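Work through the exercises below with the sequence and the structure open. Each task is followed by a solution in steps.

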Amino acid sequence: MHAAIWQHLSSVLIILLSLGAGLGNATSQAQTSAYVTNLSGTVSVIDTTTNTVVATIPVGIFPSGVAITPDGTRVYVTNIFNSISVIDAASNTVVVTIPSGQFPTGIAITPDGTRAYVVNQFVTNQGNNTVSVIDTMTNTIVATISVGLGPSKIAITPDGTRVYVPDQQDFIISVIDTATNTVVATIPVGGTAGIAITPDGTQAYVTSPGKGTVSVIDTATNTVVATISLGTNQNPFGVAITPDGTRAYVTINVPNNFVSVIDTTTNTVVVTIPVGVGPNGVAITPDGTRAYVTNDDSDTVSVIDTATNTVVATIPVGSGPVAVAITPVRQTPTSKEQCKRHGYLKFGPPAGPFKNQGQCVSYVEHH
């Protein structure tokens with residue numbers, strides 16, 4: 001009889017483990033999704049396991065930037081005509097729409113998930129030229145920071161203390177202190193577009209389409225310490241850095257249509273990869289094995305195998321794909337503080353058969 005009971009319990013345990021309810025390392029292969037903004041007014045959701053579009057979400061007019069909370073539960077999308085759509089990643093529906101500044105484009109979320117920083121760019125010297133700070137608990141704007149002219153993209157250091165904003169018309173980088181939400185430094189560069197910060201937070205890589213270069217900034221001194229030439233007639237836009245910090249993937253827009261891979265140790269281009277027409281945004285999976293590139297003019301996403309640096313899939317999406325963000329591998333909550341930080345009421349009973357595995361329950365939406 002005892003043997004029969006143990007056999008039954010063993011079967012249940014195996015089922016639970018197969019559903020991802022087991023020990024922490026059992027979720028290391030968890031599925032991730034790529035969220036792609038399409039200028040046609042939608043967000044395409046790609047299952048990165050199958051490289052297929054599994055959902056298409058209507059959002060605002062001309063969605064541009066996209067960022068995902070560190071817990072993977074919410075996706076923030078900037079709509080150029082003055083709003084931000086907040087998507088529930090579980091249901092892939094818009095649950096909140098936040099009024100924004102003029103022409104919001106780039107967006108980034110702090111590592112603790114409590115704030116979203118949104119660039120408000122206007123196409124002339126008039127307009128906002130600001131960064132809005134959103135409290136992700138209440139989904140309201142709690143601060144507005146003036147920056148240089150024509151801010152475009154944005155990146156936050158891994159420790160969450162600094163925000164870097166490329167200003168396209170001033171040819172500077174505005175550096176914001178997140179404790180005071182004030183600009184504490186400006187860095188002259190030869191032109192600005194995309195930006196990414198290394199995982200250790202020591203360097204920022206900034207693309208300059210007009211110059212055909214990538215500038216490397218030392219974040220300790222806020223000075224340019226290297227300038228990488230990509231060759232003549234190059235138009236670098238997006239940039240993403242692998243989780244181990246060894247490679248930077250840079251999209252080179254028309255007329256070349258490829259991705260340049262930079263060795264961050266030597267700051268040299270080691271390979272170029274042909275992709276679709278008009279490559280723009282780029283994001284890398286949490287395990288570093290794939291890079292996803294939006295091709296604005298061919299309405300596709302190219303998937304690059306980072307081991308071989310070859311395109312292994314081409315995915316049709318909506319019209320005019322611009323930005324892409326990939327969900328992090330979700331971590332099982334282990335305390336009520338982790339739940340409360342993201343707007344949940346309490347830390348529920350264990351989701352699996354192990355003592356310190358819990359779940360956040362009773363999510364409160366803020367409208």
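**Exercise 1.** How many bridges join strand 16 to strand 17, and do the two strands run parallel or antiparallel?

Solution. The model is predicted: local features need pLDDT of at least 70 and side-chain atom pairs pLDDT 80 or more, while totals for chains, interfaces and linings use all residues. Residues are numbered from 1 along each chain as its sequence is written, and side-chain values use heavy atoms, with hydrogens and water left out.
Step 1: strands are DSSP runs of E, at least two residues, numbered from the N terminus.
Step 2: strand 16 and strand 17 (residues 203–208) are joined by three bridges and run antiparallel; pairing requires at least two DSSP bridges.

**Exercise 2.** Give the strand order of the open sheet of four strands, and name its edge strands.

Solution. 
Step 1: the order is 16-17-18-19, with antiparallel pairing.
Step 2: strand 16 (195–197) and strand 19 (223–229) each pair on one side only, and are the edge strands.
Step 3: on average, neighbouring strands of this sheet are turned by 20° against each other, direction ignored.

**Exercise 3.** Is V311 buried, partly exposed or exposed, and which residues does V311 touch?

Solution. 
Step 1: V311 belongs to strand 27 (residues 310–316).
Step 2: V311 counts as partly exposed because its relative accessibility is 32%; buried means under 20%, exposed over 50%, with a 1.4 Å probe and protein chains only.
Step 3: leaving out residues up to four places away in sequence, V311 touches I273, P274, V275, S302, V303 and I304 (contact: heavy atoms within 4.5 Å).

Notes:
Axes are lines fitted to C-alpha atoms, for helices over the stretch in contact, and angles run from 0 to 180 degrees between N-to-C directions.
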